[in-house]
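Here is a short briefing on one protein model. Keep the sequence and the 3D view open as you read.

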Amino acid sequence: DKEKDSPSEKENEKEREVSDDSRLFDGWTKAIELSEDRIPLMTMALLSRRSRYRAGTRYLRRGVDDDGHVANYVETELILQIDSHVLSFVIARGSVPVYWTQPGHKYRPLPIIQKTDSETAKAFESHFEMQINLYREQVLVNLINQSGRERIVGEAYE
C-alpha cells in the first residue's frame, strides 16, 4: 500500500517544524551598512536573544531554577563585518542566580531570599558552568543596588 510506505502529511509537517525551530528566536534584530560616498565601510548587526527558560515579567519572574537557568536571561550580540573580517561581542544579562522572588504587584516589592546558601549552591554552580561553557572567559558586573531594597539579593550572590 502506497500510503503506508510514504510518511503522512502530518509527519512531514512535524519534521519541518523541528528543522525550522533552530532558525527562530525570541528577541530583536537590526542590521545596517555604514558607507561613505557609496563605498561600504562596514556592516553592523545587533541581535538580542531572550532565553526560552524562565521568561517572564520583571517582578513576577526572578532568580534561578534547579537547572541553573536564571530568569529574564538575554544575550545581546554586536556583530561587525569589515571587509572579510567578522567581529562579535556578546553581553549576557539575567537575574541573580540565587533563589529569590519579589511577590506582589506593587511597584518595587521587597525581595525575599527563598533558600539558604547551601540549598542554592548546586543551581548557582550549574548556572556559571553553563556560562563558562558558552562564553569561556567572562567579565561579571553586579548591578544590584548594594545599599537599597535589593541589598539582601546582593549579599546572597556574594
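Predicted model: local features only at pLDDT ≥ 70, side-chain atom pairs only at ≥ 80, totals over all residues.

- Four strands make an open sheet, in the order β1-β2-β3-β4, and their pairing is antiparallel.
- β1 (26–36) and β4 are the edge strands, since each of them pairs on one side only.
- On average, neighbouring strands of this sheet are turned by 10° against each other, with direction ignored.
- Strand β2 covers residues 39–50 and strand β3 covers residues 74–82.
- β2 and β3 are joined by eight bridges in the antiparallel sense.
- Across this pairing, Ser 48 stands opposite Thr 76 in β3.
- β3 also pairs with β4, again in the antiparallel sense, over nine bridges.
- A hairpin is formed by β3 and β4, with two residues between them.
- In the turn of that hairpin, Asp 83 has a positive phi of about 55°.

**Salt bridges**

- Side chains of opposite charge can pair when their charged atoms come close.
- How many salt bridges does the model have? The count comes to three.
- One of them joins the side chains of Glu 75 and Arg 49, at 2.8 Å from N to O.
- Glu 75 sits in strand β3 and Arg 49 in strand β2, so this pair ties together parts that are 26 residues apart in sequence.
- Arg 49 also forms a salt bridge with Glu 77, where the closest N and O atoms are 2.8 Å apart.
- That pair links distant parts of the chain, with Glu 77 in strand β3, Arg 49 in strand β2, and 28 residues from one to the other.
- Are the two glutamates buried or exposed? Glu 75 counts as buried, at 15% relative accessibility. Glu 77 is buried as well, with a relative accessible area of 14%.
- Arg 49 is partly exposed, with a relative accessible area of 22%.
- Another salt bridge runs between Arg 151 and Glu 155, with the closest N and O atoms 2.9 Å apart.
- Arg 151 and Glu 155 are four residues apart in helix α4 (residues 151–157), so about one helical turn separates them.
- Arg 151 counts as partly exposed, at 44% relative accessibility.
- Glu 155 is partly exposed too, with a relative accessible area of 44%.
- Shared partners join Arg 49, Glu 75 and Glu 77 into one network of salt bridges.

**The largest pocket**

- Rolling a probe the size of a water molecule over the atoms shows where empty space is left.
- The largest pocket holds about 990 Å³ of space.
- Its lining has 31 residues, and the closest to the centre are Ala 92, Arg 93, Gly 94, Val 141 and Leu 143.
- Which elements give two or more residues to this lining? They are β4 (85–93) and α3 (117–135).
- β4 gives the largest share of the lining, with five residues.
- By type, the lining residues divide into 18 nonpolar, seven polar and six charged.

**Residues in the loops**

- Where is Thr 116 found? Look in the loop between β6 (112–113) and α3.
- Thr 116 is partly exposed, with a relative accessible area of 42%.
- Thr 116 and Tyr 99 are 17 residues apart in sequence, and their C-alpha atoms are 8.4 Å apart in space.
- Asn 72 has its place in the loop between β2 and β3.
- Phi of Asn 72 is near 50°, which is a positive value in a residue other than glycine.
- Asn 72 is buried, with a relative accessible area of 13%.
- Arg 136 lies in the loop between α3 and α4.
- Phi of Arg 136 is near 60°, a positive value in a residue other than glycine.
- Arg 136 counts as exposed, at 60% relative accessibility.

How values were computed: Residues numbered from 1 in each chain as written. Heavy atoms only, no water. 1 Å grid on protein atoms, 1.4 Å probe; cavity = no way out; pocket = protein on both sides within 12 Å on 5 of 7 lines; lining within 4 Å. Points joined across faces, edges and corners; volume = space filled by probe spheres on them. Nonpolar A, V, L, I, M, F, W, Y, C, P; charged D, E, K, R; others polar. Pairing = 2+ DSSP bridges. Axes fitted to C-alpha atoms, helices over the stretch in contact; angles between N-to-C directions. Salt bridge = Lys/Arg side-chain N within 4 Å of Asp/Glu carboxyl O. Buried < 20%, exposed > 50% of the residue type's maximum accessible area, 1.4 Å probe, protein only.
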